[in-house]
There are 4 protein chains.
Amino acid sequence: MYPKPIQNIIDLFTKFPGIGPRQATRFAFHVLKKPGLAKELAMRLAVLENTIGFCNQCFRTLEQNDSGLTPDELTRGGFCALCRDSKRELSLLAVVEKEADMQNLEKTGSFLGLYHILGGVISPLDQDSPKKLRLRELHERVKKNLITRPENFEVILATNSTAEGDTTAMYIERILSPLKENYPQFKISRLGRGLSLGAELEYADHITLKNALTNRK
Amino acid sequence: MYPKPIQNIIDLFTKFPGIGPRQATRFAFHVLKKPGLAKELAMRLAVLENTIGFCNQCFRTLEQNDSGLTPDELTRGGFCALCRDSKRELSLLAVVEKEADMQNLEKTGSFLGLYHILGGVISPLDQDSPKKLRLRELHERVKKNLITRPENFEVILATNSTAEGDTTAMYIERILSPLKENYPQFKISRLGRGLSLGAELEYADHITLKNALTNRK
Amino acid sequence: MYPKPIQNIIDLFTKFPGIGPRQATRFAFHVLKKPGLAKELAMRLAVLENTIGFCNQCFRTLEQNDSGLTPDELTRGGFCALCRDSKRELSLLAVVEKEADMQNLEKTGSFLGLYHILGGVISPLDQDSPKKLRLRELHERVKKNLITRPENFEVILATNSTAEGDTTAMYIERILSPLKENYPQFKISRLGRGLSLGAELEYADHITLKNALTNRK
Amino acid sequence: MYPKPIQNIIDLFTKFPGIGPRQATRFAFHVLKKPGLAKELAMRLAVLENTIGFCNQCFRTLEQNDSGLTPDELTRGGFCALCRDSKRELSLLAVVEKEADMQNLEKTGSFLGLYHILGGVISPLDQDSPKKLRLRELHERVKKNLITRPENFEVILATNSTAEGDTTAMYIERILSPLKENYPQFKISRLGRGLSLGAELEYADHITLKNALTNRK
């Protein structure tokens, strides 16, 4: 019902997470109404395509121009500021599903180790999902770390407390556990489960209550 | 906390209607994750900027390439398909706030007249708001129509049933009413007020109930 | 799981409109915790059972002790204050589903006629539902009114704008319409339909928009 | 606006937890409409008042007729079925805010100890709130237990993960801790804190994330 170039934009916005056709339409007209906004967005998106890469160690996004690397290094990939930060604890590695999880953990100021961003979760419905995650890279990285510090290395499986997050953590545990044979002090841990802030016993689900009882201290 | 090119995109998305920083971040990573999406969006937005104009009569959006007009006509502006449709009733003109209102009215199949899109509302807090609306164009258009069909012309002020919609309708009525001196049969109407579909008397607000009583039939 | 006397109360509260077992439990413990509340509630409920009747004309609830009637009149039923109010317009009769609808209409201060409370709606799923409404009483009342003021009497079918409300209004119209043969000036009306306060054209449903267009003025 | 006996009931219902005047009105008419309901409710409430007491040990509600006690025992108070159950672990005592918390813990089937119901929380705004809780009874009970099993007794402070729940737990800890001097193996624990079922790292609050990191395992 709208001119094709508008409908095309609406269709793209409709695929955005959590957006239906109605809000996508509002987005399209928001862009149309503000003079210059379409041009600015287009330009910013082109910049995105050309300048954003991924940290070669933790796989968070990385602006390649600002990475302080020579063009040659850039091609071979670089490390992000956090991975290059000498104050981080090298013996702790948090495995998270996506960059936003890492950002939220960073905001707490309580975690001082390094991260590994999987880039997704293992879905029981998608047999190919393990291949889409950075699992081989994780295995390599853990092995290297164990060679350097065999007596002091811990991987924290910091996945969501959801079915998919649990499946993913279990899958990774199965992959990494064999390394314990050669490195018996290698630790694999999961985030603590229990009552979250504000939880009320009357309304808590039974699994959370069981966890809260088991993990009491 | 994110690389600047990503943060720039997040900032633009945060200004989209109804979007906060969290969802804007999800949008940015949605774009980053799908290969080619940033490029496609950028291209579609550039097309938008270059091909979308406005109908010279009703001011809805119009794809200029598809308007069936010669390049010369394009410069002078063209009429949209609805304005050129000989089956529409020329004696009925619905004045709406924005194109989405028109689209929703069209979907009912109950309105056969033409439209005039104001491009906004009059806000009591923004003294300049009347200047931003297509009011002069409306006045011209109504005058021309009254010359052609002095005995049969009606303007329906189809604004929202909100404070701003009512203010806008009242303002337009004040502008158009003087034309009644020369054209006593010129009609200015407002959409009917009363119970909407699903309304329950127990919970209806008092103004709606008053309207429903007054407009009973 | 709770002692039987508590569980019995929870079960009764669970049947209250909009209340699930969880909130019903909170109610039961609210009653248990406040000393004297159970006793007070029990007493008030006994009073309810013994003192509340219904107005013999409009069928709203009526406290029989306060009705200013002699014991004999009480047995034969009495009229509520509104029905006895000489300032009300006798030529207007609003038929509503339930007393709460009447109360909300009264609060508007815009309706000066009398009421008839049906005591429910006609449900297409419940064939007996017409029998549960005060339809015979309505028919009698309308007939009497038409004898007294044949040239000036209007029934407003003030049912909800829902499927059941519409069915009920249609049903009543079919019952009352034959009276127009003898009383051609007898009017049966329905509450006005259209945009309710705050309605936006972009989001309005199509039936409401059609009504708003048809009932424009 | 409603007859006084109805308004009185509405007023009582309006004080029910989470109920406003509108829903209270629906409750009153629900009671009025069902024949016999007012009478049944009144009777059930009177029964409540006369038969419900509290377990003399854990303070949950208790139906005195069904407690299997002689009238004389009744006067001196009795123990509930759970407190008399020989299969429960006597070395574990969960202190909860209210009976509904206990019921939800019981449903998990994971807790086999006994309970102590405080009957509320300590509110920083209500200086008298500690006096309203069964704290002296708790202290007595813990002391007796420590005499019987000095080497094996644990109190789990199972309060909500809210500001008031935390204040209450801290307050109780301060009261019970001095007992550790004589009984160094006396354990006081709190429910585990961390991710609840379904929690997502991206949206988790910082305190919960900190707890989840600290309590990882």
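**Helix packing and chain contacts in a predicted model**

The crossing of α1(C) and α2(C) is right-handed, a crossing being right-handed if the near helix is turned clockwise from the far one by less than a right angle, and left-handed if anticlockwise. The model is a predicted one, in which local features need pLDDT of at least 70 and side-chain atom pairs count only at pLDDT 80 or more, whereas totals for chains, interfaces and linings use all residues. Residues are numbered from 1 along each chain as its sequence is written, while chains are lettered from A and ligands numbered from 1 in the order in which they are written.

Helices (H or I, at least four residues) and strands (E, at least two) are DSSP runs, numbered from the N terminus. The axes of α1(C) and of helix α2 (residues 21-33) of chain C approach within 8 Å and cross at roughly 125 degrees; axes are lines fitted to C-alpha atoms, for helices over the stretch in contact, and angles run from 0 to 180 degrees between N-to-C directions. The two helices α1(C) and α2(C) are therefore oblique to each other. In this scheme, angles under 35 degrees count as roughly parallel, over 145 as roughly antiparallel, 65 to 115 as roughly perpendicular and the rest as oblique.

On the α1(C) side, Ile6(C), Ile9(C), Ile10(C), Phe13(C) and Thr14(C) meet Pro21(C), Ala24(C), Thr25(C), Phe27(C), Ala28(C) and Val31(C) of α2(C); two residues are in contact if their C-beta atoms, placed from the backbone, lie within 7 Å. By class, this contact of α1(C) with α2(C) comprises nine nonpolar, two polar and no charged residues. Ala, Val, Leu, Ile, Met, Phe, Trp, Tyr, Cys and Pro count as nonpolar, Asp, Glu, Lys and Arg as charged, and the others, Gly among them, as polar.

Helix α1 (residues 4-14) of chain C also packs across a chain boundary: its axis and that of helix α3 (residues 37-51) of chain D come within 9 Å and cross at roughly 150 degrees. α1(C) and α3(D) are therefore roughly antiparallel to each other, and α1(C) passes α3(D) in a left-handed crossing. Here Pro5(C), Ile6(C), Asn8(C), Ile9(C) and Leu12(C) meet residues of α3(D), including Glu40(D), Arg44(D) and Leu48(D). The contact of α1(C) with α3(D) has eight nonpolar, two polar and two charged residues.

Other chain pairs can be considered next. Chain C contributes 42 residues and chain B 42 residues to their contact. On the side of chain C that touches chain B, α6 (99-108), β6 (187-190) and α10 (206-214) of chain C each supply at least two residues, and α10(C) gives the largest share, nine residues. That side of chain C divides into 16 nonpolar, 16 polar and 10 charged residues. Between chain A and chain D, 42 residues of chain A are in contact with 42 residues of chain D, and α10(A) supplies the largest share of the chain A side, nine residues. By contrast, chain A and chain C do not touch, their nearest C-alpha atoms being 9 Å apart; chain B and chain D do not touch either, with nearest C-alpha atoms 9 Å apart.

Chain A itself holds 10 helices and six strands. The radius of gyration of chain A is 22 Å, well over the 17 Å that the globule rule gives for 217 residues, so chain A is more spread out than a compact globule; the radius is taken over C-alpha atoms, and the rule is 2.2 Å times the number of residues to the power 0.38. The C-alpha trace of chain A spans about 65 × 55 × 35 Å along its principal axes.
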